[in-house]
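My entries follow in the order in which I looked.

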Amino acid sequence: MTEGNGLIGARVPRQEDIRLLTGRARFVDDVELPGMLEAAVLRSPVAHARIVNVDVSAAAKLPGVYAVVTGADVKAVVKTPQPVIWRIIPDMFIPDGYPLAVGKVRYLGQGIVAVAAKDRATAEDAFELIDVEYEELPAISSLQDALAEDAPRLYDEWPSNVIGRTTIPKGDVTAAFAEADVVLTESFRFARQMGTPLETRGSVATWDPFTDRLDVWLGTQSPNLARELFGEVLGLSADKVRVRTPDLGGGFGNKFDFYGEEIVAAILSRKTGKPVKLLEDRAESFVANAHSREQKIDVELAAKNDGTITGIRGTVYGVLGGELSTIGIGPCWTAAALMTGPYDIQNIELNVVCVATNKSPYGSYRGYGLPKANFVQEHLVEQLARRLGMDAHAVRRKNFIPPEAFPYTSAIFTFDSGRYAECLDLCLKTVEQAGWAELREEARAAGKAVGIGYSFHNELTAFGPSRIVNLAGLQHSGFDEEVVRIDSTGHVTVYTGQSAIGQGIHTALAQVAAHSLGVPLEHVTVISGDTDTCPYTGYGTGASRAAAVGGAAVLGAATRLKAKVLRIAGHILEVSPDDLAVEDGRVYVKGVPDRSVSMAEIGDAAYRRIKLPEDESPTLEEREVFDPTNVATSFGCTAVLAEVDRETGVVRLLGYLIAHDCGTVINPLIVDGQLHGGAAQAVGGALYEELVYDGDGQIRTTTFMDYLIPTASEIPPFGIEHMATPAEHIPGGFKGMGEAGVIGGGAAVAHAIEDALHEYGVDISSLPITPPRLLAAIREGSQ
Amino acid sequence: MKAAAFDYLRASSVDEAVEALAAHEDAKVLAGGQSLVPLLNLRLARPSVIVDINHLDLGYVRRDNGHLAIGALTRQRVAETSSLIQTEAPLLAEALQHIGHVTIRNRGTIGGSIAHADPAAELPAVALALDASFVVHGTRGSRVIAAADFFRGPLTTALDPDELLVEVRVPVWPGACAVEELTRRHGDFALVAVFVAIAVDPDGTCQGARIAVSGAGPVPVRARAAEAALIGRTLSALVISEAAQQVPAATEPSSDIHAPAEYRREMSAVLARRAITRAIGGAR
C-alpha cells in the first residue's frame with residue numbers, strides 16, 4: 001500500500017450511482033443530433049444460403065427512406081474485411097467477413113441490407129419492399145454435423161469446417177499417463193450463451209462531408225481500438241476518427257467486439273450526409289450480438305493414488321459461428337490454456353479445434369473461456385476425490401500451486417502470486433460461520449435434498465504486457481495511459497481511456513488519485529469516453545484490467561504530480577519539499593500544521609498568479625504509461641448451498657459465498673458488486689441460459705421468454721470475504737476481478753446439486769442444468 | 001422492432017367497439033396490452049385497426065346471485081387484491097399471483113388474458129376449473145359461453161370476430177383450493193400448472209373436486225377422472241396420490257425448448273398431488 005489518505009481500500013459509494021439511479025445517465029439511444037436518421041438492418045431468415053439476388057429498388061423509393069445499402073455496396077467502399085485481431089493460431093483459416101453478407105449467408109440473422117430512414121419504423125417498413133432471393137443450402141447447426149465426414153462446408157475455399165487447430169503442450173504427457181495410477185475420462189458440453197446487457201449495442205455516426213471526419217457515438221468497451229478499426233476498414237487516419245462513448249448499460253465483453261453495424265452506420269452517414277443512429281433492438285440482439293460459451297471438451301486426467309494430478313490431455317472443440325468475430329477463437333483457446341487453473345499439473349497436452357457452424361459469431365463474454373476451464377478442472381478434482389475415496393478439498397490442497405512456487409509458469413501464462421490454501425480455508429470458515437452444515441442436516445432430516453458445493457478458481461487479470469500480447473498474435477497492445485491534472489482551483493481531473501460500463505471505474509480511479517495526492521475524493525473528477533480528449537489504453541476495458549492497469553497508471557501519474565505540488569508548496573512556504581506533508585487538500589510543514597498552503601493556492605500559483613520555483617514550468621499535469629510486465633492472477637473459492645426438488649428436478653439456490661483475493665482492493669463495495677454481478681451470470685449459465693438452434697439453423701430463443709436470464713427471484717443472497725495478496729509487479733498491488741464472479745459459479749452450483757443428490761450419484765458434466773435434464777439424471781442414478 | 005402502421009380507435013361504448021370489430025376483420029382489441037403490444041412490435045400481429053377499450057366501464061368485481069361478476073377490463077392486480085375474490089374465489093386470487101410480475105398485472109386484464117387464450121396461462125384454467133362463463137357482446141347482441149366451450153386451441157376461442165368479451169362470471173367456490181405451478185423462473189409461463197378446488201364435508205369426505213391443468217395441451221383441460229377418484233372418498237395420502245396419477249391421462253402436452261412433453265405429462269401428476277394435499281391443509 002502506498003502512502004496516502006486511506007481512500008485506497010475505502011468502501012465509499014460510487015460517484016456514478018446518483019446519475020445512473022436517477023435516470024440522468026445518457027446512453028447511445030439518448031444521443032439526438034440535428035437531422036439525424038435512424039437505420040435498421042434487414043437480417044437473413046435462413047441459416048445457410050447463396051444470395052442469388054437482392055432487389056432494393058422499391059424500398060429505396062419509399063417516402064422517408066434516405067439510403068439503402070447491400071453487402072455488395074458495403075464491400076465496394078471498405079478497404080479491408082471486418083478485422084479479426086486475435087490471430088493466435090498462425091495457420092488458421094480466417095475467412096473474409098463483411099459488415100453485410102456478400103454472396104453467401106452463413107448464419108440466421110446475418111445482415112443483408114441496411115436502410116437509413118426518417119425513423120426506425122419507416123426503415124422497417126422498407127424491409128417489406130426488399131426482395132432477397134436465397135438459394136438455401138443445408139445448415140450446420142451442431143458440432144457433430146459440422147465434423148461429419150460428408151458435412152456440407154461453410155467455406156468452399158476451405159477443405160472442412162475445422163478452420164483452426166493448435167495444441168498447448170507442457171512436459172511429457174505420454175509418460176504421465178503411462179505411469180498414472182488412475183485415469184479419468186470425461187466429456188463436457190457447454191451450451192451457447194451470451195452476455196445480455198440491459199442496453200443493447202448501438203452507434204450514432206456522423207461523417208462530416210467537408211472535413212471527411214467520422215464522429216461516432218458508440219456503445220463500446222474499447223474506444224481507442226474502435227477508432228483504429230474504423231480507420232482500417234474505412235481507410236481513414238486515426239485523427240479523422242473520433243469515438244465517444246456515452247454511459248454504457250453493461251458491457252460484458254459483447255461490447256468489446258467491433259461489429260459490422262458500426263461500419264454500416266458510418267457508410268450510411270457518408271452516403272446521406274446526415275448523422276445516422278443504428279441500434280440493435282432486443283429481438284435482433286439474440287442473433288446480432290456475439291454469442292459465446294459453446295464448447296465440447298473431452299479430457300483425460302492422470303493421477304497418483306495419493307491424489308496428485310500428474311497430467312491432463314484432451315481436446316477443446318470451439319463451436320464457432322458462420323463468421324469470425326473480432327477476437328476470432330479467443331475464448332476457446334483460453335479455455336485450453338487455463339485448463340489447469342490453480343493446480344500444479346506438469347504434463348499437459350490440450351488441443352484446440354475450432355469448428356465453423358451456421359450460427360451467430362462466437363465472441364467475447366465475461367469469463368472468456370475460464371468458466372469452462374474451471375468447470376472442467378473442478379469436476380475432475382471432485383471425480384478424482386470420489387474415485388480415490390478422498391475429500392475433494394484434500395485433492396485441491398494436494399495439487400494447489402503452493403505460495404512459494406510463484407511466480408509459476410503454467411502451460412502458457414505465468415501466475416504472479418497466490419495463497420490458494422488460505423483462500424480455501426477462508427471460504428470453509430465462512431461456510432462454517434454461516435451454519436450451512438447444520439442447515440443441510442436439518443433439511444435432510446426433513447426429507448429434503450440439500451447440498452453444498454465448492455469450486456476454486458484463479459483468474460487472469462490486468463491484461464497486458466504489450467510485447468507478449470503482440471508475440472501471441474494479438475493485434476492490440478496491453479498498456480494503459482492515464483492523465484492526472486490539478487486545475488487552477490486545486491481540484492483534480494483524471495482523464496482515462498478506460499470505459500465506464502457500469503462497473504464503477506470512475507470511482508475507483510478517483511480513489512487512487514485522491515489517495516495518492518492527498519485530496520478529498522469529491523475534489524476528483526474522472527473523464528472517459530472520448531478518443532479526442534482521453535488518453536490511450538491498449539485492448540480496452542475488458543479482461544479484468546481497468547482498475548489494475550488503470551489504477552497503476554493513475555497512481556504513477558498522481559505520485560509524480562504530488563512531487564511537483566510539494567516543490568511549489570515548498571517554494572511558497574520557503575521550506576524543503578521533504579519537510580512537507582499533504583492532508584485533505586492542504587500542504588503543511590510537518591510538525592507545524594499552521595504553516596500550510598491549500599491545493600487551491602497551489603493551483604492558482606501554477607496557472608494564474610505564477611509563484612513557482614525558477615526551473616518549474618506552469619500547469620499541474622502528469623501523464624503515465626503503464627505496461628505491466630506480467631498479467632496478475634486473482635483467485636477465489638465459491639461455495640453454494642442448493643436445494644433440489646427430487647420429483648421435478650427444480651433447483652433452488654439458498655446461499656452463495658465467495659472468498660476472494662484480488663490483491664490490494666481499491667473499493668470493497670465495487671469489488672463486491674462486480675462479484676455479485678458475475679455470480680448472477682454464473683447462476684444464469686449454470687441453470688437457465690441456452691441459445692437453442694434447431695436442425696435447420698433456426699434460432700429458437702429470440703426473446704427473454706425463451707432465453708432465460710435469472711431475475712432477482714432466482715438469485716440467492718451473496719456473501720463475500722476478502723483477503724489481499726498484492727501484485728508485486730503492479731504499483732499499488734492491484735489485481736483485476738471483473739470476471740471472477742462468473743468463473744467459479746457453474747462448478748460450485750453443479751457440485752451443490754451433486755451433493756444434494758449424493759444418494760443418486762448424479763454426475764453433472766454439461767450446462768445448463770435444466771429441470772427435465774436433472775430429473776432424468778436423478779432417475780438414471782436411482783436405477 | 002417497431003409496429004407497422006395501424007389506425008387507432010378509442011371506443012367510447014361497447015357497441016362502438018364491436019361495430020369497429022365488425023367493420024375490420026383484422027382489428028385487434030387493446031385492453032392491458034401485455035400480449036398484444038409485443039406482438040405488434042415484433043410485427044407478428046399486423047391489425048389494420050386497434051380498438052382501444054380502456055375507456056369502457058368494464059372494470060368491476062361484484063357478487064351477483066351465486067357468482068362473481070368480473071368486468072373484462074378489471075386489472076389483474078385489482079382482482080388479486082380484491083377481498084371479494086379472495087373470499088369467494090380464492091383459487092382465482094391465488095392463481096393471479098402467478099401471472100408474470102406485479103408490473104404486468106397492474107396493466108394486464110382479466111378479460112384480456114382469457115380472450116388471448118394462451119394454453120399456458122392461468123386464467124383460462126381457473127375459469128375451466130370453476131365452471132366460469134363469459135358474457136360476450138357482438139353486433140347481433142349478447143350471449144353467454146361456458147368456459148368448457150370457449151377455448152378452442154392455442155390463442156383461439158369461440159369468440160366471433162365481431163364479439164367482445166365483456167364479463168367473466170365465476171361461480172363462488174369459497175372452499176379449499178391450491179395452485180401448483182412448475183416454472184423455469186418466477187413469473188414465467190408455467191411448463192405445467194395444476195389448479196385444484198376441493199370441497200370436504202365435516203366428516204372428511206370429499207364432496208366436490210375440480211382439477212384443471214394448463215400448459216399441458218392446446219387448451220387447458222379438466223382432469224375429470226382424477227376428480228371422480230376423489231369425490232366421495234376420505235382424502236388419505238394414498239387416495240390423493242392415486243387420483244393424481246389419473247391427471248396425466250387428461251393432458252396432451254407438446255414438447256418445446258423448455259421441456260419435453262413427457263416431462264410435462266409426468267409433472268402434472270406431481271403437481272396435482274401437491275396441490276390437492278395443500279388445498280386440504282396437508283403438508284406438501
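Predicted model: local features only at pLDDT ≥ 70, side-chain atom pairs only at ≥ 80, totals over all residues.

Entry 1, a helix in chain B. I began with helix 12 of chain B (residues 261–279), whose 19 residues should span 27 Å at 1.5 Å a residue, and I found its end C-alpha atoms 26 Å apart, which agrees. The expected span is 1.5 Å times one less than the number of residues, and helices (H or I, at least four residues) and strands (E, at least two) are DSSP runs numbered from the N terminus. I noted that 16 of the 19 residues of this helix are buried, where buried means that 20 or more other C-beta atoms lie within 10 Å of the residue's own, exposed means 12 or fewer, and partly exposed lies in between, with C-beta atoms placed from the backbone. Just after helix 12 of chain B, Gly281(B) takes a positive phi of about 95 degrees.

Residues are numbered from 1 along each chain as its sequence is written, and chains are lettered from A and ligands numbered from 1 in the order in which they are written.

I found 14 residues of chain B and 21 residues of chain A in the contact, counting two residues as in contact if their C-beta atoms, placed from the backbone, lie within 7 Å. On the side of chain B that touches chain A, helix 12 of chain B gives the largest share, 3 residues.

Most residues other than glycine have a negative phi, and most peptide bonds are trans. Phe252(A) sits in the loop between strand 11 (241–244) and helix 8 (260–272) of chain A. Arg43(B) also has a positive phi of about 60 degrees without being a glycine, but Arg43(B) is partly exposed, with 16 other C-beta atoms within 10 Å.

I found the peptide bond from Phe406(A) to Pro407(A) to be cis, with omega near -5 degrees, and Pro407(A) to lie in the loop between helix 12 (392–399) and strand 16 (408–409) of chain A. A cis peptide bond also joins Leu767(A) and Pro768(A), with omega about 0 degrees.
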